[in-house]
Amino acid sequence: LQGEVAYSHLQASSELGYRLMTSYALYAEALRLLASRARWLDLGAGAGVAERPDDGLARFKSGWATGTRVAYFCGRILDPGRYAAISGGREPAADRYFPLYRAGELAPRVSSR
């Protein structure tokens, strides 16, 4: 909670929690608890920078939303030499994932069960 805004940073669950859709109950309770303390709830966004119709996280969050805003988390390269080193020398481009060194990190995991 910062000023009139409550920020939802991260929420995760077990496989059972996802099957039971516990995220809905947790968000509903958070809204109830924060109603008298916050004017806005920032749920964040889906993964990546491009809108995708198949993005379940973005779809879930949009179901709670009364509006949307564009927001960028930093989005700047403050140390170009270090960025190039950890990005394998690839140059940043508007049509690619940012930051490049995190690209592919959120790929679906294959369960070994």
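A: Let's begin with the outward side of helix 2: the face turned away from its buried side carries the exposed residues Ala25 and Arg32. Keep in mind as you look that this is a predicted model.

Now turn to the other side. The buried residues here are Ser23, Tyr27 and Leu34. Around the axis they cover an arc of only 40°, so they sit on the same side of helix 2. Buried means that under 20% of a residue's relative accessible area is left, while exposed means over 50%.

What do the buried residues of helix 2 pack against? Their partners are strand 1 (5-7), strand 2 (40-42) and helix 3 (56-62).

Helix 2 runs over residues 22-34, which is 13 residues. At 1.5 Å a residue it should span 18 Å, and its end C-alpha atoms are 18 Å apart, so the two values agree.

Finally, step back to the whole chain. The protein chain has 4 helices and 2 strands, and from the N terminus on they follow the order β-α-α-β-α-α. Of the 113 residues in the protein chain, 14% are buried. The chain exposes about 9,800 Å², with carbon and sulfur atoms supplying 56% of that area. Among contacts between residues at least 6 apart in sequence, 40% join residues at least 24 apart.

Technical notes
Residues numbered from 1 in each chain as written. Predicted model: local features only at pLDDT ≥ 70, side-chain atom pairs only at ≥ 80, totals over all residues. Heavy atoms only, no water. Expected span 1.5 Å × (residues − 1). Buried < 20%, exposed > 50% of the residue type's maximum accessible area, 1.4 Å probe, protein only. Arc of directions from axis to C-beta. Contact = heavy atoms within 4.5 Å. Areas by Shrake-Rupley, 256 points an atom, 1.4 Å probe, with all protein chains shown as cover.
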